[in-house]
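Subject: Handover of a structure

Dear colleague,

Please find below the structure that I am handing over to you. My notes on it follow directly after.

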Amino acid sequence: MERVAFTMKLRPGAETEYKRRHADVWPEMLAALKAAGARNYSIYQHGDDLFGVLEVDDFARFRATMAAAPVSARWQAEMDALIDPCLDPATGFHRRLEEVFHLD
């Protein structure tokens, strides 16, 4: 199991809409995340900084599955006006954060 933490940024004025959309995530998007192996997924906010953390068994498989999911492309297009995804050019995924401590 791998824990993946990453950052994103809210665009100015997007907080209310971002929260509204995440209060009612599309069922097909939730299904795609689960099918890709995501679990225990949370997003936190501090000002305009967003911090996500999720667990996957195989991060490469997760990324490939989500990249191939049409619903993911639609969701990302919808989110583009609200967030800067802070993509890492090497992976096409959000900038990952290094874990420096964990307690089970």
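Searching the whole structure, which is a predicted model, gives seven aromatic pairs. One of them joins Trp26 and Trp75: the ring centres are 5.0 Å apart and the planes stand at 90°, so this pair is edge-to-face. Trp26 belongs to the loop between α1 (15-23) and α2, whereas Trp75 belongs to helix α4, so the pair ties together parts that lie 49 residues apart in sequence. Trp75 has a relative accessibility of 7% and counts as buried, because the limit for buried is under 20%.

A further pair is formed by Phe62 and Phe93. The centres of these two rings are 6.4 Å apart and their planes are at 80°, so this pair is edge-to-face. Distant parts of the chain are linked here, since Phe62 is in helix α3 and Phe93 is in the loop between β4 (83-84) and β5, 31 residues apart. Phe62 and Phe93 are both buried. Ring pairs also connect Phe6, Tyr41, Phe59, Phe62 and Phe93 into a cluster. Over the ring of Phe59 sits the charged end of Arg96, at 4.5 Å from the ring centre.

Where α3 starts, a side-chain oxygen of Asp58 comes to within 3.1 Å of the backbone nitrogen of Ala60.

Lastly, may I draw your attention to Leu33, which is located in helix α2. Leu33 has a relative accessible area of 14% and is buried. Which residues is Leu33 in contact with, leaving aside its neighbours within four places in sequence? They are Ala38, Tyr41, Phe62 and Met66. Between the C-alpha atoms of Leu33 and Ser72, which are 39 residues apart along the chain, the separation is 8.6 Å.

With kind regards

Terms used. Residues are numbered from 1 along each chain as its sequence is written. This is a predicted model: local features need pLDDT of at least 70, side-chain atom pairs count only at pLDDT 80 or more; totals for chains, interfaces and linings use all residues. Side-chain values use heavy atoms; hydrogens and water are left out. A polar contact is a pair of N or O atoms within 3.5 Å; within protein, one must be able to donate a hydrogen and the other to accept it, and residues adjacent in sequence count only if both atoms are side-chain atoms. Helices (H or I, at least four residues) and strands (E, at least two) are DSSP runs, numbered from the N terminus. Rings of Phe, Tyr and Trp (its six-membered ring) pair if their centres lie within 6.5 Å; planes under 30 degrees apart count as stacked, over 60 as edge-to-face and the rest as tilted. Buried means under 20% relative accessible area, exposed over 50%, partly exposed in between (1.4 Å probe, protein chains only). A charge sits over a ring if NZ of Lys or CZ of Arg is within 6 Å of the ring centre and within 35 degrees of the ring normal. Contact means heavy atoms within 4.5 Å.
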